[in-house]
Each structure stands twice: as C-alpha cells, then as structure tokens.
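Visitor: I am new to this structure and would like to learn how to read its features. Please take them one at a time.

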Amino acid sequence: MPIINANGMLVQFPYEPYDVQKTYIEKVVKCLILKRNGMLESPSGSGKTLSLFCPILSWMEQEKTKLNRAKVTVFGTYRDSLACRYAENFNITPMERAMFEEIRSNAKAKIIYASSSYSLLSKAKEELEKTCLPVRAVVLGSRDQLCQNTNVKKVTGDQATKASICHRKVMSATCSLFKRVGSTKNRPEMIEKSIMDIEDLITVGGKLNACPYYLSKEKIQSADVLFVTHEYLFKTHTRKSNGLDIRNSIIILDEAHNVAKICEESYSTQIRSSDVALAISEITLLIDDLFIFESKDDMLKIKKHLVTLDKLIKALVIVPSPRGEIRKGTYIFRLLEKVNFDFDNIDNKLKLLIRLATYFNDIQENAGSVQRALGLQALINFLKMVYAGKGAVYNNAVRQNFRVYIEAEEQANENQSATVKGKNVDREAKVLNFMCVNPGYAISKLTDLEPRNIILTSSTLSPMKPLISELMLPVKITLENPHFVDSSKFCVKVVSFAPNQDELASSDINITFPGFIATLGCTVLSLSPVISGGLVIFFPSYHYLNVCKEGWKNNGMWAQMNRTKSVFVEPYWTDKKPLTTTMNEYYASLRRPAKRGAIFMAACPGPVPDQFNFSGVNCRAIIIFGIPSPLETDTRVVLKKEYLDMNRTQENQLISGNDWLDLEAFRAVNHVIRRIVCHKDDYGAILLCDIFYGSSRNQAKLSSWMQSSLRKDRSMDNIRFGRVISSLANFYRAQQTSSDNTSKMRVVSNIREERKHRAQPASRLEDPMASTSSHCKLRCIETVSDKSGVNDRMETQKETRETRSVINRASSQAGGATEH
C-alpha cells in the first residue's frame with residue numbers, strides 16, 4: 001500500500017494517488033494538525049471520500065499510538081508513566097497535564113460523516129472499506145429504514161409519530177425485537193462485521209431476531225465512524241434522542257453545497273389549519289372515552305385553547321403581494337400567548353399533548369386501525385421547534401434569524417384521517433410558517449457542542465467566500481482543486497448565438513415567442529448530429545421544458561430531433577411513470593445501433609443531476625439553456641432575500657439578496673456539469689447556450705476547472721456558431737482517435753502477453769494457427785476502426801444535409817427573436 005508524506009504525517013493510501021488527491025490529503029492533514037475547519041472542493045470522480053478517510057484514519061491511529069506510549073513506563077516502573085502520574089495527580093507539571101489531556105482526547109475522536117441521502121452514505125461506506133485500515137463503522141438509520149416491528153411499520157405518518165409509538169412499546173416491554181437487543185449485541189454476528197450499513201443491520205437483526213434500529217445504537221459507542229444524514233446531524237431532537245455525541249468529533253459534511261438550505265429547513269416548521277382541526281377532533285374522541293386516565297378538565301381546557309388557535313390562524317390577514325405576509329420570528333410567541341401557550345407552561349402543555357397522542361394511538365392500534373394521532377403529533381412537533389430555547393438570548397436569536405410567514409392552505413393534508421379527508425378545504429384555512437432564514441444559526445448550534453473539526457466538501461462549492469459568510473463558520477483552510485483529468489478530455493464552450501445568428505438570451509418573456517422557441521430548436525438540431533452518443537439538455541424549469549417541447553412538436557422540429565436521436569423527457573412529478581424507468585429506456589436506446597445516440601431533456605434544478613449516470617456514452621455532451629434561477633415568488637426565496645438585504649454589513653460580509661439569487665443559479669449549473677467526465681478515460685462537452693455566460697463576471701461563478709478551460713479559449717467561438725460546430729467536430733474526432741489508439745495498444749499488449757505465454761514449454765500443445773489468428777485479429781480491428789470512422793463521417797454529413805432544410809425553414813420563423 002502506497003505511503004504518502006503529507007505535511008510530515010504518513011498516510012496509507014490504497015492506490016497510487018493523483019496529484020489532486022495528494023493536494024486534498026495535505027489540506028485534510030493541515031485541518032487535523034492545526035485543529036481548524038476546512039472547505040475543500042474537488043471534481044466528481046477525483047476520490048474525495050477516500051482522500052478524506054485515509055488521512056483522518058491514519059491520524060487517529062497515530063494518536064492512539066501516542067496514548068499507548070504515554071502509558072508505557074519511562075524509568076522501569078509503571079508509576080513513572082505519564083498516564084499513571086496524571087491519574088494520581090502525582091508529580092505532573094501543568095504542561096504535561098495539558099499534553100496528556102490532548103492526547104487522550106485525540107485518541108477518542110470519532111468521525112461523523114454526514115451526507116444528503118442513504119444511497120450516498122452506502123457509497124461512502126464502500127470507500128471506507130477500500131482503506132484496508134482497522135476501523136469500526138455503522139450507518140445510523142431512521143425507523144423507516146430499520147424498524148421491523150409490523151405494528152410500527154404499517155403506521156402512516158411522519159418520523160415523530162413512529163418514534164412515539166416505538167417508544168411506547170419499548171417502555172411497556174411489548175416489543176419482542178427490542179427485548180433481544182441486550183442479549184445479542186455481543187454476539188459474533190455483531191462483532192465480526194466491523195462496518196455495517198442499513199442492509200447489514202437488517203440482515204443481522206433478522207438472524208438474531210433483534211431490532212436493527214436499537215442494534216445500530218448499541219454500535220455507536222465502539223464505532224470509529226458514524227454515517228448519518230444531514231437531517232440526523234442538524235436536528236436537535238434527533239441528535240439528542242439517538243445519543244449522538246458531537247464533542248471532539250471530526251465532522252465531515254459531504255454534498256456541502258446543500259448545507260445552507262438543509263440548515264434552514266432543519267430549524268423550520270409549520271402548522272396548518274387542517275392540522276389544528278384534526279388535533280381538536282382527536283381530543284374530542286378521547287374526551288368521550290371512559291378508559292382514559294386523564295383529567296377531563298385538562299382535556300377540555302386544551303381543546304378550548306386549540307379551538308381559539310384555529311380561529312386565530314384563520315383570522316390572520318394575507319397581504320395580496322408577491323412578498324406575502326412576513327413578520328419577525330418573535331411574533332409567533334405573541335400569537336401563541338393569546339391561547340395560553342408560553343415559556344412558563346409549555347413543558348406541562350407538551351407533556352399533556354404527548355400523553356393524549358399516546359392514548360389515541362393505543363386506542364387505534366387496539367381497534368386494528370392504522371389511523372394515528374397525526375394532528376396532535378403535528379402540533380407537538382411545531383411547539384417543540386418554536387419553544388426550543390428560553391431566555392433573552394433565545395428571544396433575540398429568534399428575532400434575528402427567524403420569520404413568520406402566513407399563506408393560504410391550498411390543499412388538504414395528505415395524512416388527514418378518514419374522518420375529515422374528502423371534505424373541501426376551508427377557504428379561510430391558513431398555514432403558519434416558522435422559518436429559519438439564517439443557516440449560520442444551525443451551524444452555531446452545532447459548533448456550541450465543541451466538535452474538533454468541521455470539514456465541508458463537495459464538487460461544487462465555488463465561489464466559497466459568500467458561502468462561508470452565509471454559514472458564519474470560521475473556515476481557515478480552503479481548496480479549489482483543478483480537474484483530475486487532462487483538460488483535453490472536456491470541451492467547454494459558451495454559445496451566445498444560434499445558427500441564424502439570433503441571440504440566445506433565455507427569459508420569461510422570450511420563451512413566450514414561437515420564434516425564440518424555434519431558435520432554440522435550430523441550436524439543438526445543429527449540435528445534435530455532431531455529438532455521437534448521449535446528449536443531455538437542461539432547461540431552467542419544468543415550465544420552460546414543456547413550452548419548448550410543445551413548440552417543437554408544433555413546428556416539426558420534434559420529429560426531426562427524433563429522426564436523428566431518440567428523445568426522452570424527464571417525467572414531471574404528477575406523471576405516474578418513474579424517473580428511473582425513463583432513464584433506463586434512455587440507456588437502452590444508446591446501445592441500439594439504429595440511431596447515433598439519444599437525447600435526454602430535464603429541468604435544472606431537479607432530481608436528474610443526482611440520479612443520472614453521466615459516465616461514458618451515456619453523456620457525451622451537456623447543453624444548458626438559460627439560467628436556472630430560483631423562483632422569486634417562492635416563500636424561501638422571498639424570506640432569504642429580505643433577511644440578507646436587512647442584515648448585511650461590512651463586518652459580516654453577507655451578500656445582497658439579488659447576488660445570492662445569482663449564486664444559487666450558478667451552484668445549480670455547477671452541480672449539473674460536475675460529472676461530465678467521471679474517470680480518466682471519459683470525455684465530454686459542456687455547451688452553455690446563453691449570452692449571459694459570456695461575461696467574465698458570470699464565468700467567475702463557475703467551478704474553477706471550468707474557468708481555466710474558458711480562459712484558454714478567448715477566440716470568437718462564442719460569437720460565430722459555425723466555429724462552435726467546427727471545434728466540437730475536431731474535439732470528438734481527437735477523442736475517437738485517442739480511444740482507437742488506446743484500444744489498439746490494449747490489443748497489441750494482449751498479443752504480446754499471448755506470445756510470451758506461447759514461448760512457455762506448454763505452448764507446443766497449442767493451436768499453431770493461433771499466432772496467425774492474432775495477427776489477423778489486429779489487422780481486422782484496425783480496418784474496422786478505420787472504416788467505422790469513415791462511416792461515422794458519412795452518416796454525419798447525411799444527417800447535416802437532412803437537418804439543414806428544417807433549420808432554414810425554422811430560421812424564417814425565428815427571424816423576429818432578436819427583436820424580442
């Protein structure tokens with residue numbers, strides 16, 4: 001195993017590292033040695049996860065060795081060891097005390113690896129296994145993934161509802177799976193497998209007939225690495241209920257480009273009029289039950305308070321403007337005080353509501369119903385978040401970092417019970433949103449728990465300075481790595497003008513003109529024949545995508561696109577067809593020789609960038625039309641812009657609301673293009689089809705490796721469309737030649753190996769025609785390769801001639817697009 005010397009520390013790495021991996025490892029080591037936070041960007045496929053685990057695990061091993069040395073006798077007697085003198089407080093200097101405390105603290109450090117989904121955590125776990133270092137790890141899942149109790153699994157509702165029912169069964173000793181956890185946690189099945197993910201826990205739990213969820217919690221204490229989702233890490237009540245100790249931990253935030261949004265969502269909550277109405281009906285059912293051991297006076301009082309709350313929420317006035325009705329966060333306290341909810345009595349009120357929810361769930365379970373106390377649970381979740389702290393400091397934090405946003409309730413809650421489902425929604429029904437608008441608040445709650453390091457990493461963090469300011473996290477060590485493959489493997493072009501020299505300037509106004517839609521279609525029809533393999537086209541919204549699709553169907557361009565390449569479109573969320581089905585159909589189409597590739601159209605942002613396999617022939621080019629800016633009327637966007645504009649100062653270096661909106665758009669673009677080249681033999685083109693990308697100010701917001709590619713090309717390619725086509729054709733021709741040469745070299749290498757094998761004594765028994773066959777095979781491959789190249793060029797020329805007539809007709813339609 002290769003050994004890397006990074007800043008004086010020896011790091012074991014399973015492969016010979018790339019230069020970008022060495023640089024990355026050095027930055028991680030620097031974070032560990034200096035005990036600093038870091039923000040590290042490196043392109044997709046560059047081995048970020050492995051480059052994180054190897055130096056941290058090597059550092060942990062060295063710190064454990066230091067601790068063992070501190071326990072070894074120095075002058076021949078155990079009493080002379082530093083550990084013994086520290087334990088007995090005997091003859092030890094303050095400097096030695098501080099040194100030993102740091103050594104012991106470092107030796108007990110854990111890695112908490114957080115990412116945005118369990119599928120990404122499973123991939124990280126696979127990377128951890130490649131380190132070949134002694135390590136114990138476990139993926140901490142939710143009850144949705146791990147609970148095997150049939151009564152809990154069939155419950156409809158959120159995590160809090162299932163947690164409440166599970167907790168009730170554990171406390172009443174009615175869950176047989178939990179009872180076996182204590183007796184099975186030390187079984188060989190639990191000890192022998194050092195790294196366990198969700199599937200491993202379920203498998204072992206099934207063999208031992210024990211609860212996988214609580215088995216995972218038993219592994220926390222002995223684990224070196226804990227895998228959790230972002231939500232698991234940032235939500236206070238989730239962290240506390242699972243005993244996740246942050247102190248002195250090394251926290252890795254993977255997919256960190258999403259962290260700001262996740263931080264805000266983790267501390268935001270809402271209550272709907274329908275939730276309050278459902279809670280009232282649930283309490284009414286309990287009041288009439290004779291077997292509830294709860295004061296009826298208390299139940300009547302809480303019901304009265306909720307009836308008043310329902311009326312108050314419905315009476316709230318919504319200002320008819322895009323900005324909506326926004327109030328300071330502390331407004332929520334004044335509103336709830338009107339229904340007798342305040343800091344003095346909230347603990348007792350919550351205890352009563354939790355007991356009532358438990359009673360309701362027990363009654364429904366005994367009756368064989370899957371209905372649960374969803375209204376009460378929604379109210380409990382809301383109140384817990386609102387009253388998460390006390391005192392003047394908390395009040396001030398809520399005033400600065402939270403907003404109350406009131407909006408109409410447009411549709412019934414999906415989880416409503418059968419008693420109210422099906423009824424028309426009250427026209428006066430409202431939604432009361434308590435929203436965190438400052439991700440720095442969530443980060444501060446995390447740093448208050450004193451982690452050793454926080455390392456944020458992703459392939460799309462640029463530009464870093466605004467993100468660091470937004471998170472309010474002291475970050476001293478940063479890295480923007482170049483791409484790990486040679487720049488000749490990707491072609492980045494700004495396409496500012498269409499084939500008819502009309503300006504490509506996507507906007508909400510231009511997309512309403514058929515001429516501009518035809519201009520975009522001309523661009524696709526001209527670029528598509530040049531690109532052999534998969535072409536992925538991203539539009540700035542689902543609406544934009546659908547308008548273009550319908551426009552191209554009407555003007556005949558859609559049929560022409562399908563004649564060249566089969567076209568697939570990302571299904572909208574209302575469609576019944578799953579995204580994975582459409583993607584698999586697209587992949588299968590690429591393997592059919594009848595057509596030269598396929599086209600996949602999708603919206604950005606959306607699920608496709610995270611779920612799509614961009615590797616190899618699946619994606620030889622990405623086209624991005626327009627700028628995927630967030631919807632300015634979206635609640636989160638309105639609140640975020642208002643917060644930034646009101647709170648930015650020279651000291652905190654916050655950006656303006658409009659600048660934040662631009663950065664969100666470019667982060668979406670960077671996220672889309674990050675996997676165009678997935679490995680060293682891969683290649684692809686990135687075509688930014690909008691004049692907006694032509695300015696140096698906007699290019700500075702792209703990933704650093706893209707900026708370097710654009711700086712190398714300062715020609716007029718982005719002005720004259722013909723030169724863009726010529727550059728693309730040359731790029732793909734060069735890649736094909738390189739690929740053919742690589743294939744030939746592999747064949748020659750195989751033949752040489754065969755000859756060496758035939759030189760062995762056993763070769764006398766082999767077929768004497770084998771050598772001739774090998775030579776013929778090589779000549780045949782060379783001939784086929786040459787012919788295929790000629791055939792490809794002839795086919796491309798034929799497609800271009802067929803396309804030209806359609807483009808000319810469409811150009812006449814697009815003639816007025818420039819004026820528009």
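Visitor: Which residue lies over the face of Phe341?

Guide: Keep in mind that this is a predicted model. A charge counts as sitting over a ring when the Lys NZ or Arg CZ is within 6 Å of the ring centre and within 35 degrees of the ring normal. Here Lys349 lies over the face of Phe341, 4.8 Å from the ring centre. Likewise, Lys553 is placed over the face of Trp558, at 5.7 Å from the ring centre.

Visitor: How many aromatic pairs does the structure hold?

Guide: There are 32 aromatic pairs. One of them joins Phe600 and Phe612, with 5.3 Å centre to centre and 55 degrees between the planes, a tilted pair. Phe600 belongs to strand 18, while Phe612 is in the loop between helix 29 and strand 19, so the pair ties together parts 12 residues apart in sequence.

Visitor: Are Phe600 and Phe612 buried or exposed?

Guide: Phe600 is buried, because its relative accessibility is 0%. Phe612, at 1% relative accessible area, is buried too.

Visitor: What does helix 8 pack against?

Guide: In an α-helix there are 3.6 residues a turn, so residues three or four places apart point the same way. Helix 8 covers residues 159-171 and reaches 18 Å from its first C-alpha to its last. Its buried residues include Thr161, Ser164, Ile165 and Lys169. The buried residues of helix 8 pack against several helices, among them helix 13, helix 20 and helix 21. After helix 8 comes Ala173, which has a positive phi near 55 degrees.

Technical notes. Residues are numbered from 1 along each chain as its sequence is written. This is a predicted model: local features need pLDDT of at least 70, side-chain atom pairs count only at pLDDT 80 or more; totals for chains, interfaces and linings use all residues. Side-chain values use heavy atoms; hydrogens and water are left out. Helices (H or I, at least four residues) and strands (E, at least two) are DSSP runs, numbered from the N terminus. The expected span of a helix is 1.5 Å times one less than its number of residues. Buried means under 20% relative accessible area, exposed over 50%, partly exposed in between (1.4 Å probe, protein chains only). Contact means heavy atoms within 4.5 Å. Rings of Phe, Tyr and Trp (its six-membered ring) pair if their centres lie within 6.5 Å; planes under 30 degrees apart count as stacked, over 60 as edge-to-face and the rest as tilted.
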